[in-house]
Amino acid sequence: VNVERAAQALGRGVALPAKGPLSPAMLGYDPSVTQAPYDLRLARESAARAGGNPNLTLRLVHNNTTPFDVDLASSIRVDLRQIGITVQLLGKPGFAEMVKAVQTREGDMFMYSWHIRSPHPERLLHPLFHSKSSATSNLTQYTNPKLDRLLDDAIMAPQGPAQDKLYSQIQKTIVDDAPMVFLYHSTRMAAYADHAALLGKEDEA
């Protein structure tokens, strides 16, 4: 999946290509940890070694009410077509409907987003990757006992270098296991007017 192209072209300036589970705005973010880069040749070779089925079709569940997600799902379909995989898009009329479809295993893949209002990494990492969340928000049902221990240790550690080291290990473990492809981090934009400056210009006129 060409994450860089999808985020920059489809995100229209408000999506940052993801390298891993945490965005640069999060505490404990380690810029040296990065998921595998886009490499079409290597992807084709990997598919061939796996004995890929030339008629393989996978269903991708996504939220059909978010234009960016709709565009992104189409982009993923194009990317996977290049290695011989046909993707059938299963758009759902809302986030709740999308989650329900994933929980009932209606599709083979899904697009999932997680929004938090603070820079604290445990609010994202525990719901998405801890095995205790596998019955709820950990929709991939990803389980790694080593990661569970690291997550539990990190949340108990005081904020600072020791905690940062734990979160670096956590990010590396998740990226190495690759339970998902990390697509983008949203950024917020706001428009404002400097009324004082505008009034000054009116006075000058």
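Which helices do the buried residues of α7 pack against? They pack against α5 (122-129) and α6 (145-156). Contact here means heavy atoms within 4.5 Å. Buried means under 20% relative accessible area, exposed over 50%, and partly exposed in between, with a 1.4 Å probe and protein chains only.

Some ground rules. This is a predicted model, where local features need pLDDT of at least 70, side-chain atom pairs count only at pLDDT 80 or more, and totals for chains, interfaces and linings use all residues. Residues are numbered from 1 along each chain as its sequence is written, and side-chain values use heavy atoms, with hydrogens and water left out. Helices (H or I, at least four residues) and strands (E, at least two) are DSSP runs, numbered from the N terminus.

Start with α7. This helix covers residues 161-177, 17 residues in total. From first C-alpha to last, α7 reaches 24 Å, close to the 24 Å expected at 1.5 Å a residue. That expected span is 1.5 Å times one less than the number of residues. The buried residues of α7 are Q163, L166, Y167, I170, Q171, T173, I174 and V175. After α7 comes A178, with a positive phi near 50 degrees.

Now the cores. A nonpolar core is a set of buried Ala, Val, Leu, Ile, Met, Phe, Trp, Tyr and Cys residues joined through side-chain atoms within 4.5 Å. The largest has 18 residues. Touching the most other members are L124, L125, F129, L147, I170 and I174. Helices α5, α6 and α7 each supply at least two residues of this core. Take I170: leaving aside residues up to four places away in sequence, I170 touches L125, L147, L150, L151 and A154.

Three strands form an open sheet, in the order β3-β2-β4, with parallel pairing. Two strands pair if DSSP finds at least two bridges between them. At the edges are β3 (86-92) and β4 (109-110), each pairing on one side only. Two bridges join β2 (residues 57-63) to β4. V61 stands opposite F110 in β4.

Two helices sit on these strands. Helix α3 (residues 67-81) packs on the sheet and touches β2, β3 and β4. The direction of α3 makes about 165 degrees with that of β2. Helix α4 (residues 95-103) lies across β2, β3 and β4, at about 145 degrees to β2. Axes are lines fitted to C-alpha atoms, for helices over the stretch in contact, and angles run from 0 to 180 degrees between N-to-C directions.

Last, charges. How many salt bridges does a search of the whole structure find? Five. A salt bridge is a side-chain nitrogen of Lys or Arg within 4 Å of a carboxyl oxygen of Asp or Glu.

One joins R59 and D108, at 3.2 Å, N to O. This pair links distant parts of the chain: R59 is in strand β2, D108 is in the loop between α4 and β4, and they are 49 residues apart. R59 is partly exposed at 29% relative accessibility. D108 is partly exposed too, at 43%.

Another joins K172 and D176, at 2.9 Å, N to O. These two are four residues apart in α7, so about one helical turn separates them. K172 is partly exposed at 47%, while D176 is exposed at 52%.

E45 and R41 also meet, at 2.8 Å, N to O. They lie four residues apart in helix α2 (residues 40-49), so about one helical turn separates them. E45 is partly exposed at 34%, and R41 is exposed at 52%.
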